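Biologist: Hi! Could you walk me through the ligand site and the pockets in this one?

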Amino acid sequence: MSDPSVLLVKANLKQLRLPAMQAEFEKLAREAAHAGESHQQYLLRLTELEVAARSANVLRARIKQAAFPVQKDLDTFDFTAVPGLNKQKVLELARGEWLEQRYNCCLIGNSGTGKTHLATALGLAACRQGQRVRFFTAAGLVNRLEEAQQQHQLDRVLTQLDKTDLLICDELGYLSFSRSGAELLFQVFADRYERRSLLITSNLPFGEWGQVFQGERMTAALLDRLTHRCHIFEMNGESYRFRESMKAKKGKPGRKEAKEAATES
Ligand code: ADP
Ligand code: MG
(Lines give C-alpha, C1' and ligand atoms only; values in the text may rest on other atoms or scores of the structure.)
(Ligands and ions follow the chains in the order given, each with its own letter.)
Protein backbone atom coordinates (compact mmCIF):
# COMPACT_ATOMS: atom_id res chain seq x y z
CA MET A 1 0.00 0.00 0.00
CA SER A 2 1.57 3.27 -1.07
CA ASP A 3 2.04 6.21 1.25
CA PRO A 4 -1.11 8.40 1.16
CA SER A 5 1.06 11.53 1.07
CA VAL A 6 2.53 10.33 -2.23
CA LEU A 7 -0.96 10.13 -3.69
CA LEU A 8 -1.78 13.57 -2.39
CA VAL A 9 1.42 15.09 -3.80
CA LYS A 10 0.58 13.48 -7.15
CA ALA A 11 -2.92 14.90 -7.08
CA ASN A 12 -1.63 18.37 -6.16
CA LEU A 13 1.01 18.40 -8.88
CA LYS A 14 -1.60 17.28 -11.35
CA GLN A 15 -3.95 20.05 -10.30
CA LEU A 16 -1.12 22.57 -10.53
CA ARG A 17 -0.27 21.22 -13.99
CA LEU A 18 3.30 20.25 -13.21
CA PRO A 19 3.54 16.96 -15.14
CA ALA A 20 7.33 16.64 -15.16
CA MET A 21 7.46 17.06 -11.38
CA GLN A 22 4.57 14.64 -11.02
CA ALA A 23 6.38 12.02 -13.06
CA GLU A 24 9.75 12.40 -11.38
CA PHE A 25 9.31 13.49 -7.77
CA GLU A 26 9.41 9.98 -6.27
CA LYS A 27 12.51 8.90 -8.13
CA LEU A 28 14.28 12.17 -7.34
CA ALA A 29 13.24 11.88 -3.69
CA ARG A 30 14.87 8.45 -3.49
CA GLU A 31 18.02 9.78 -5.17
CA ALA A 32 18.09 12.82 -2.87
CA ALA A 33 17.75 10.62 0.22
CA HIS A 34 20.52 8.36 -1.03
CA ALA A 35 22.85 11.31 -1.79
CA GLY A 36 21.96 13.12 1.44
CA GLU A 37 20.73 16.21 -0.43
CA SER A 38 18.96 19.04 1.40
CA HIS A 39 15.28 19.75 0.81
CA GLN A 40 16.22 22.84 -1.15
CA GLN A 41 18.55 20.88 -3.41
CA TYR A 42 15.82 18.36 -4.05
CA LEU A 43 13.28 21.06 -4.79
CA LEU A 44 15.73 22.79 -7.09
CA ARG A 45 16.37 19.67 -9.13
CA LEU A 46 12.67 18.91 -9.33
CA THR A 47 11.68 22.40 -10.45
CA GLU A 48 14.52 22.45 -12.96
CA LEU A 49 12.98 19.40 -14.60
CA GLU A 50 9.65 21.16 -14.98
CA VAL A 51 11.26 24.32 -16.35
CA ALA A 52 13.25 22.28 -18.89
CA ALA A 53 10.17 20.28 -19.95
CA ARG A 54 8.22 23.50 -20.43
CA SER A 55 10.90 25.12 -22.57
CA ALA A 56 11.05 21.98 -24.69
CA ASN A 57 7.26 22.07 -25.15
CA VAL A 58 7.31 25.75 -26.09
CA LEU A 59 10.07 25.11 -28.63
CA ARG A 60 8.21 22.14 -30.09
CA ALA A 61 5.09 24.28 -30.50
CA ARG A 62 7.09 27.11 -32.07
CA ILE A 63 8.65 24.74 -34.59
CA LYS A 64 5.24 23.28 -35.38
CA GLN A 65 3.79 26.75 -35.94
CA ALA A 66 6.66 27.60 -38.27
CA ALA A 67 5.36 24.85 -40.61
CA PHE A 68 8.70 23.87 -42.09
CA PRO A 69 8.26 21.41 -44.96
CA VAL A 70 11.02 19.22 -43.51
CA GLN A 71 13.29 19.74 -40.55
CA LYS A 72 16.72 20.24 -42.07
CA ASP A 73 19.38 21.57 -39.76
CA LEU A 74 22.82 23.09 -40.12
CA ASP A 75 24.54 19.99 -38.74
CA THR A 76 23.55 18.09 -41.88
CA PHE A 77 24.51 20.88 -44.26
CA ASP A 78 27.73 20.11 -46.10
CA PHE A 79 29.46 23.44 -46.63
CA THR A 80 32.20 21.85 -48.73
CA ALA A 81 29.55 21.15 -51.39
CA VAL A 82 29.01 24.92 -51.85
CA PRO A 83 32.51 26.39 -51.81
CA GLY A 84 31.23 29.82 -52.86
CA LEU A 85 29.10 30.07 -49.72
CA ASN A 86 30.56 32.00 -46.80
CA LYS A 87 30.28 29.48 -43.97
CA GLN A 88 31.30 31.93 -41.24
CA LYS A 89 28.60 34.33 -42.34
CA VAL A 90 25.97 31.58 -42.32
CA LEU A 91 27.02 30.51 -38.82
CA GLU A 92 26.84 34.14 -37.74
CA LEU A 93 23.28 34.36 -39.05
CA ALA A 94 22.41 31.20 -37.14
CA ARG A 95 23.24 33.14 -33.96
CA GLY A 96 20.28 35.35 -34.75
CA GLU A 97 21.51 38.93 -34.40
CA TRP A 98 20.24 39.77 -37.86
CA LEU A 99 16.70 39.30 -36.62
CA GLU A 100 17.24 41.75 -33.78
CA GLN A 101 18.61 44.20 -36.34
CA ARG A 102 15.60 43.63 -38.65
CA TYR A 103 17.85 42.54 -41.47
CA ASN A 104 16.66 40.40 -44.36
CA CYS A 105 18.33 37.46 -46.02
CA CYS A 106 18.19 36.30 -49.62
CA LEU A 107 19.43 32.96 -50.87
CA ILE A 108 19.75 33.03 -54.62
CA GLY A 109 20.76 30.05 -56.72
CA ASN A 110 19.90 27.15 -58.97
CA SER A 111 17.61 24.35 -58.02
CA GLY A 112 19.06 21.77 -55.66
CA THR A 113 21.82 23.96 -54.24
CA GLY A 114 20.50 23.80 -50.67
CA LYS A 115 18.45 27.01 -50.42
CA THR A 116 15.44 25.38 -48.75
CA HIS A 117 17.74 23.37 -46.49
CA LEU A 118 19.59 26.49 -45.36
CA ALA A 119 16.42 28.58 -45.02
CA THR A 120 14.93 25.88 -42.79
CA ALA A 121 18.12 25.56 -40.74
CA LEU A 122 18.20 29.33 -40.14
CA GLY A 123 14.49 29.22 -39.29
CA LEU A 124 15.06 26.43 -36.77
CA ALA A 125 17.92 28.37 -35.22
CA ALA A 126 15.60 31.37 -34.86
CA CYS A 127 12.93 29.18 -33.22
CA ARG A 128 15.51 28.01 -30.68
CA GLN A 129 16.27 31.63 -29.90
CA GLY A 130 12.63 32.18 -29.06
CA GLN A 131 11.62 33.88 -32.30
CA ARG A 132 8.33 33.31 -34.05
CA VAL A 133 8.96 31.95 -37.52
CA ARG A 134 6.64 31.09 -40.39
CA PHE A 135 7.68 29.21 -43.50
CA PHE A 136 5.77 29.51 -46.78
CA THR A 137 6.52 28.80 -50.37
CA ALA A 138 5.92 31.96 -52.39
CA ALA A 139 3.03 30.25 -54.18
CA GLY A 140 1.58 29.03 -50.86
CA LEU A 141 1.79 32.51 -49.37
CA VAL A 142 0.11 34.13 -52.37
CA ASN A 143 -2.64 31.50 -52.28
CA ARG A 144 -3.16 32.13 -48.62
CA LEU A 145 -3.40 35.88 -49.16
CA GLU A 146 -5.75 35.59 -52.12
CA GLU A 147 -7.99 33.17 -50.25
CA ALA A 148 -8.06 35.48 -47.25
CA GLN A 149 -8.95 38.39 -49.48
CA GLN A 150 -11.83 36.50 -51.05
CA GLN A 151 -13.11 35.59 -47.60
CA HIS A 152 -12.73 39.16 -46.35
CA GLN A 153 -10.12 37.97 -43.87
CA LEU A 154 -7.08 39.64 -45.31
CA ASP A 155 -6.56 41.96 -42.33
CA ARG A 156 -6.61 39.03 -39.95
CA VAL A 157 -4.03 37.11 -41.96
CA LEU A 158 -1.82 40.18 -42.37
CA THR A 159 -1.94 40.74 -38.62
CA GLN A 160 -0.92 37.13 -38.04
CA LEU A 161 1.99 37.46 -40.45
CA ASP A 162 3.00 40.69 -38.83
CA LYS A 163 3.40 38.89 -35.52
CA THR A 164 6.13 36.65 -36.92
CA ASP A 165 9.71 37.74 -36.30
CA LEU A 166 10.91 35.88 -39.37
CA LEU A 167 8.85 35.22 -42.46
CA ILE A 168 10.43 32.72 -44.83
CA CYS A 169 9.29 32.83 -48.42
CA ASP A 170 10.75 29.93 -50.35
CA GLU A 171 10.92 29.39 -54.10
CA LEU A 172 10.15 32.86 -55.31
CA GLY A 173 10.39 32.78 -59.08
CA TYR A 174 9.29 29.25 -59.92
CA LEU A 175 5.76 30.45 -60.56
CA SER A 176 4.61 33.87 -61.60
CA PHE A 177 1.50 35.33 -60.01
CA SER A 178 -1.55 37.21 -61.11
CA ARG A 179 -1.25 40.97 -60.83
CA SER A 180 -3.36 40.97 -57.65
CA GLY A 181 -1.33 38.10 -56.18
CA ALA A 182 1.91 39.94 -56.85
CA GLU A 183 0.48 43.08 -55.26
CA LEU A 184 -0.52 41.20 -52.12
CA LEU A 185 2.93 39.69 -51.84
CA PHE A 186 4.47 43.10 -52.37
CA GLN A 187 2.28 44.49 -49.60
CA VAL A 188 3.44 41.83 -47.14
CA PHE A 189 7.11 42.33 -48.02
CA ALA A 190 6.89 46.12 -47.99
CA ASP A 191 5.05 46.15 -44.63
CA ARG A 192 7.95 44.37 -43.00
CA TYR A 193 10.50 46.89 -44.15
CA GLU A 194 12.77 47.77 -41.22
CA ARG A 195 10.29 46.22 -38.80
CA ARG A 196 10.58 42.48 -39.21
CA SER A 197 12.88 40.13 -41.06
CA LEU A 198 12.27 38.31 -44.28
CA LEU A 199 14.16 35.36 -45.68
CA ILE A 200 13.58 34.81 -49.37
CA THR A 201 14.96 32.06 -51.56
CA SER A 202 14.87 32.32 -55.32
CA ASN A 203 16.24 30.65 -58.38
CA LEU A 204 16.12 34.03 -60.13
CA PRO A 205 18.81 36.70 -59.86
CA PHE A 206 17.39 40.05 -58.74
CA GLY A 207 17.51 41.37 -62.30
CA GLU A 208 14.81 38.87 -63.26
CA TRP A 209 12.38 39.48 -60.41
CA GLY A 210 10.32 41.66 -62.71
CA GLN A 211 8.90 38.41 -64.08
CA VAL A 212 7.44 37.61 -60.68
CA PHE A 213 6.25 41.05 -59.70
CA GLN A 214 5.08 42.04 -63.15
CA GLY A 215 6.18 45.53 -63.66
CA GLU A 216 9.49 47.19 -63.21
CA ARG A 217 8.24 49.84 -60.82
CA MET A 218 6.89 47.44 -58.23
CA THR A 219 10.01 45.26 -58.57
CA ALA A 220 12.33 48.22 -58.15
CA ALA A 221 10.39 49.46 -55.11
CA LEU A 222 10.50 45.99 -53.59
CA LEU A 223 14.18 45.36 -54.23
CA ASP A 224 15.03 48.77 -52.87
CA ARG A 225 13.41 47.92 -49.53
CA LEU A 226 14.40 44.27 -49.41
CA THR A 227 18.08 44.71 -50.15
CA HIS A 228 18.60 47.86 -48.08
CA ARG A 229 19.56 45.83 -45.02
CA CYS A 230 20.08 42.34 -46.35
CA HIS A 231 22.49 39.43 -46.20
CA ILE A 232 22.68 38.01 -49.70
CA PHE A 233 24.07 34.57 -50.42
CA GLU A 234 24.61 33.30 -53.93
CA MET A 235 24.36 29.55 -54.01
CA ASN A 236 25.12 28.75 -57.55
CA GLY A 237 26.72 25.52 -58.48
CA GLU A 238 25.84 21.98 -59.24
CA SER A 239 22.65 20.58 -57.76
CA TYR A 240 23.43 18.68 -54.56
CA ARG A 241 20.56 16.31 -55.31
CA PHE A 242 21.90 15.59 -58.77
CA ARG A 243 25.44 15.10 -57.49
CA GLU A 244 24.33 12.71 -54.77
CA SER A 245 22.22 10.65 -57.16
CA MET A 246 25.15 10.47 -59.58
CA LYS A 247 27.43 9.30 -56.76
CA ALA A 248 24.90 6.63 -55.80
CA LYS A 249 24.55 5.46 -59.38
CA LYS A 250 28.31 5.34 -59.90
CA GLY A 251 28.54 2.93 -57.00
CA LYS A 252 26.14 0.57 -58.79
CA PRO A 253 26.47 -1.41 -62.04
CA GLY A 254 24.42 1.09 -64.08
CA ARG A 255 27.44 3.34 -64.74
CA LYS A 256 26.56 3.81 -68.37
CA GLU A 257 23.10 5.24 -67.60
CA ALA A 258 24.58 7.68 -65.09
CA LYS A 259 27.06 8.91 -67.66
CA GLU A 260 24.30 9.30 -70.19
CA ALA A 261 22.10 11.19 -67.75
CA ALA A 262 24.99 13.50 -66.91
CA THR A 263 25.65 14.35 -70.53
CA GLU A 264 21.96 14.82 -71.27
CA SER A 265 21.47 17.55 -68.69
P1 ADP B 1 16.99 24.06 -53.30
O2 ADP B 1 15.99 24.57 -52.33
O3 ADP B 1 18.12 25.00 -53.54
O4 ADP B 1 16.37 23.58 -54.58
P5 ADP B 1 17.25 21.96 -51.35
O6 ADP B 1 17.61 22.72 -50.13
O7 ADP B 1 15.86 21.48 -51.47
O8 ADP B 1 17.67 22.79 -52.66
O9 ADP B 1 18.26 20.74 -51.49
C10 ADP B 1 17.94 19.56 -52.20
C11 ADP B 1 18.31 18.36 -51.37
O12 ADP B 1 19.73 18.30 -51.26
C13 ADP B 1 17.77 18.41 -49.97
O14 ADP B 1 17.49 17.09 -49.54
C15 ADP B 1 18.91 19.00 -49.17
O16 ADP B 1 18.87 18.58 -47.83
C17 ADP B 1 20.11 18.46 -49.89
N18 ADP B 1 21.24 19.40 -49.90
C19 ADP B 1 21.42 20.44 -50.73
N20 ADP B 1 22.56 21.06 -50.48
C21 ADP B 1 23.13 20.41 -49.44
C22 ADP B 1 24.35 20.56 -48.72
N23 ADP B 1 25.24 21.50 -49.03
N24 ADP B 1 24.60 19.70 -47.72
C25 ADP B 1 23.73 18.72 -47.41
N26 ADP B 1 22.57 18.50 -48.06
C27 ADP B 1 22.27 19.34 -49.08
MG1 MG C 1 13.96 24.69 -52.54
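Modeller: Happy to; we'll start with the ligand and then turn to the pockets. This is a predicted model, where local features need pLDDT of at least 70, side-chain atom pairs count only at pLDDT 80 or more, and totals for chains, interfaces and linings use all residues. Residues are numbered from 1 along each chain as its sequence is written, chains are lettered from A and ligands numbered from 1 in the order written, and side-chain values use heavy atoms, without hydrogens and water.

Biologist: How many residues surround ligand 1?

Modeller: Ligand 1 has 16 residues around it, with D78, G112, K115, T116 and H117 the closest; a residue is near if one of its heavy atoms lies within 4 Å.

Biologist: What does a polar backbone atom of D78 sit 2.7 Å from?

Modeller: A nitrogen atom of ligand 1. A polar contact here is a pair of N or O atoms within 3.5 Å. There is also a backbone N or O atom of G112 at 2.7 Å from a ligand 1 oxygen, and a polar backbone atom of G114 lies 3.1 Å from an oxygen of ligand 1.

Biologist: Changing topic, how much space lies in the largest pocket?

Modeller: About 540 Å³, the volume being the space filled by probe spheres set on grid points joined across faces, edges and corners. Pockets are open sets of points on a 1 Å grid over the protein atoms alone, with a 1.4 Å probe and protein on both sides within 12 Å along at least five of seven lines; lining residues have an atom within 4 Å of a point.

Biologist: And which residues lie nearest its centre?

Modeller: G112, T113, G114, K115 and H117, out of 29 lining residues.

How values were computed:
A polar contact is a pair of N or O atoms within 3.5 Å; within protein, one must be able to donate a hydrogen and the other to accept it, and residues adjacent in sequence count only if both atoms are side-chain atoms.
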